[in-house]
Amino acid sequence: MTEAKILLEERGIRPTQQRMAVLRYLRDNRNHPTVDTIYSSLHDRMPSLSRTTLYNTLRLLSSAGLALSLTIEGDEIRFDGDTSDHGHCKCRRCGGVFDFPLPETLPLDLPDGFLGESVHIYAWGTCRRCASLS
Ligand SMILES: [Zn+2]
Ligand SMILES: [Zn+2]
């Protein structure tokens with residue numbers, strides 16, 4: 001838990017047990033979980049964790065730069081403990097979300113004077129596992 005505690009304290013966030021557990025979960029599980037996935041994984045250990053608290057914690061971690069919230073499609077939000085620049089591809093069959101590296105510089109031609117802060121690149125398709133099942 002120590003690492004999670006330090007990361008939270010560095011950003012001026014009080015390291016409650018629940019916040020540390022959520023941050024640790026995100027850093028340990030790189031499968032881009034939804035709120036529901038995180039909730040069902042943590043609820044056994046932390047019965048006092050409510051869905052609202054979890055959602056607020058995820059928003060807090062995202063705004064503090066400790067997690068990414070990804071809206072790849074529709075209203076489904078996925079969370080990512082890896083905040084480095086990387087792209088995501090989503091399998092249309094199993095719903096899996098996978099990372100892929102981005103080139104150092106992207107061939108982006110942003111409008112003149114626009115100060116870009118972040119770029120999100122999503123790819124859709126079929127993952128290797130699903131492709132091998134068909
Ligand atoms: Zn798949
Ligand atoms: Zn990712």
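Modeller: Helices (H or I, at least four residues) and strands (E, at least two) are DSSP runs, numbered from the N terminus. The loop between α2 and α3 (35-43) holds His 32, and this residue is the part to look at. The model is predicted, so local features need pLDDT of at least 70 and side-chain atom pairs count only at pLDDT 80 or more, while totals for chains, interfaces and linings use all residues. Residues are numbered from 1 along each chain as its sequence is written, and chains are lettered from A and ligands numbered from 1 in the order in which they are written.

Is His 32 buried or exposed? His 32 counts as buried because 23 C-beta neighbours lie inside 10 Å. The cut-off for buried is 20 or more other C-beta atoms within 10 Å of a residue's own, against 12 or fewer for exposed and the range between for partly exposed, with C-beta atoms placed from the backbone. Across the protein chain, buried residues make up 16% of the 134 residues. The backbone of His 32 also deserves a remark: phi is near 55°, a positive value in a residue other than glycine.

Next comes α2, at one end of that loop. A nonpolar core is a set of buried Ala, Val, Leu, Ile, Met, Phe, Trp, Tyr and Cys residues joined through C-beta atoms within 7 Å. This core has 14 residues, and α2 supplies the largest share, 4 residues. Inside the core, the most contacts belong to Val 22, Leu 23, Leu 58, Leu 61 and Ala 67. Leaving aside neighbours within four places in sequence, Leu 23 touches Ala 4, Leu 7, Leu 8, Leu 61 and Leu 66, where a contact means C-beta atoms within 7 Å. In soluble globular proteins, nonpolar side chains tend to be buried together.

Now for the rest of the chain. There are 5 helices and 5 strands in total, and from the N terminus on they run α-α-α-α-β-β-β-β-β-α. Strands pair if DSSP finds at least two bridges between them. β1 (residues 68-73) and β2 (residues 76-80) run antiparallel and are joined by 5 bridges; one of the pairs is Glu 73 with Glu 76 of β2. The two strands form a hairpin with 2 residues between them, and Gly 74 in the turn has a positive phi of about 55°.

Another 3 strands form an open sheet in the order β4-β3-β5, with mixed pairing. β4 (97-100) and β5 (122-125) are at its edges and have a single partner strand each, so one side of each lacks a neighbour in the sheet. Between β3 (residues 87-91) and β4 there are 4 bridges in the antiparallel sense, and His 88 has Asp 99 in β4 as its bridge partner.

The domain assignment, which is automatic or from a database, gives domain 1 (2-80) and domain 2 (87-106 + 114-133). Their centres, taken over C-alpha atoms, are 21 Å apart. Each domain brings 4 residues to the contact. Taken along the principal axes, the C-alpha atoms of the chain fill a box of roughly 45 × 45 × 25 Å.

Key
Two residues are in contact if their C-beta atoms, placed from the backbone, lie within 7 Å.
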